[in-house]
Amino acid sequence: MAHVKATGDGGLAVDVAVKPLPVEEIQRLSFVKSPETPPDTPANDVNISGIQGKTEPQDTLPEPSVQPVHEAQDEAVPASTDGAEVQSKTKPQDILPISTTQLEAKSDPTSPPAATEGYQDTVQTSPTNVVPPLAHPLSPATRFKQKLRYTNDLIVCPGVYDGLSARIAQAVGFETLYMTGAGSTASMLGMADLGIASRNDMVRNADMIANLDSHYFELIADMDTGYGGPVTVTETVKQYIRANVAAFHIEDQVLTKRCGHLSGKKVVTYDVFLSRIRAARAAIDTAQADIQLIARTDANQQLGYDECITRLKAARNWGADVGLLEGFKSKEEAARAVKELAPWPLLLNIVENGHSPLITVDEAREMGFRIMIFSFAGLAPAFMAMKAAYGKLKDDGITGIQGTGVGPRVLFDVCGLQEAVQVDEKAGGEDYKSIITASG
């Protein structure tokens, strides 16, 4: 123990006991070479906080591994700290690489992105691209995406608009359903399809339908115009993703839109349409979701076929997964569109007694369409059946249902009655145990 005389502020001598530091601690603080270091190993002079010493190469403070983008050249970048100039070097190998596509995107924000997501020209069939089996079921969006990418099948979808119509479509064996905006507006609000249904109306309906049995079927949903500008489109896409929707179409009509098979349609400009597509694509990529983006144009009625093709090609370049030209004027026009946009997948919307010619499933398959939706497949028959039953009740005092075998039990079975009873029994409940054996 060493003793050192120290003098305080008042001149008083104080005897302070100082305990020597171990050699290892001195080496750590002063960077003194270890005795084990071979004498021929080079050392670097270091001065930290006034301590002069030697350091081994492995003790040298490393240069930063990541530098700001503006230090891309091997030049010193001045910085000021308390008046002192600090010089730093940036190694070329320390710079994060920027692809040519990224640089072009920075210089021209309106340029279409590289086709890494969204539409791809070729069907992926190589064994290296086969999706490996997962321990959990695939989401509806992923299943639908794989149908488009790994098969050439025509996906036929009946139009549904509420829980009952979706359950019936599922019961007869359809694996992909289409939530029609016209049907949803009529069913939920009792109103014509004039853009009256809000985003909340459509999201709520899509959420309910998509999650009735998400392990069995996928839902394509109408998103109308996206309900606003890019910010609103972005939020709408995010809500559709959370709702478990597999795909959606967004169109180029003005906000005061109408059903695609009514006269007098008006569309937004080419640039506004693409802004909707870009916003939707960016929202999907940010969420890293598999939901499929379907670009729809209604410009045929107002601006003609050529403008439709121009808009769809641009949407394809911006990452739309599927195209939809609404309102074909002839079968020849429909077949021509498939050829001009091939191999990009096209969706065909069939509305019987609408403004377009009737094209059968076999004809659509022969033309090369990939998706086919029958928007009024549920709504029109339901309208006719209910009108007939209500009219009979009004005129004859009966509905005409008696004798058909359609009663509560039949209807509820379609709506998942037995599955609900099984859930209750597995959990130990006995409230609904007698339903299965009862007549209903």
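At what angle do helix 7 and helix 8 pack, and how far apart are their axes? The numbered points below begin with that matter; the model under review is a predicted one.

1. Helix packing. Helix 7 spans residues 230-242 and helix 8 spans residues 270-287; the two pack at an angle of about 45 degrees, and their axes lie 8 Å apart. An angle of 65 to 115 degrees would count as roughly perpendicular and one under 35 degrees as roughly parallel; helix 7 and helix 8 are therefore oblique to each other. Their crossing is right-handed.

2. Salt bridges in total. The count of salt bridges in the model comes to 22.

3. Lys 147 and Glu 218. The side chains of these two residues form a salt bridge, with an N to O distance of 2.9 Å. Lys 147 belongs to helix 3 (residues 140-150) and Glu 218 to strand 9 (residues 218-222), so this pair ties together parts that are 71 residues apart in sequence. Lys 147 has 21% relative accessibility and counts as partly exposed, whereas Glu 218, at 1%, counts as buried.

4. Asp 252 and Arg 311. A salt bridge joins this pair, and the closest N and O atoms are 3.0 Å apart. Asp 252 sits in the loop between strand 10 (247-250) and helix 8, while Arg 311 is in helix 9 (residues 305-317), so the contact ties together parts that are 59 residues apart in sequence. Both Asp 252 and Arg 311 are buried.

5. Lys 392 and Asp 396. Here the salt bridge has an N to O distance of 3.2 Å. Both residues lie in helix 12 (residues 379-396); because they are 4 residues apart, about one helical turn separates them. Lys 392 is partly exposed, at a relative accessible area of 31%.

6. A charged network. Salt bridges link Asp 224, Glu 251, Lys 257, Lys 265, Arg 296, Asp 298 and Glu 326 in a network.

7. A nonpolar surface patch. Met 188, Leu 189, Met 191, Leu 194, Ile 196 and Leu 262 form a nonpolar patch on the surface, and together they have about 470 Å² of accessible area. Met 188, one of these residues, lies in helix 5 (residues 181-189). Its relative accessible area is 31%, so Met 188 is partly exposed.

Notes: Residues numbered from 1 in each chain as written. Predicted model: local features only at pLDDT ≥ 70, side-chain atom pairs only at ≥ 80, totals over all residues. Heavy atoms only, no water. Patch = residues over 30% accessible without salt bridge, like charges linked within 9 Å, V, L, I, M, F, W, Y side chains within 5 Å. Areas by Shrake-Rupley, 256 points an atom, 1.4 Å probe, with all protein chains shown as cover. Salt bridge = Lys/Arg side-chain N within 4 Å of Asp/Glu carboxyl O. Buried < 20%, exposed > 50% of the residue type's maximum accessible area, 1.4 Å probe, protein only. Axes fitted to C-alpha atoms, helices over the stretch in contact; angles between N-to-C directions. Parallel < 35°, antiparallel > 145°, perpendicular 65-115°, else oblique. Left-handed = near helix turned anticlockwise from the far one by under 90°.
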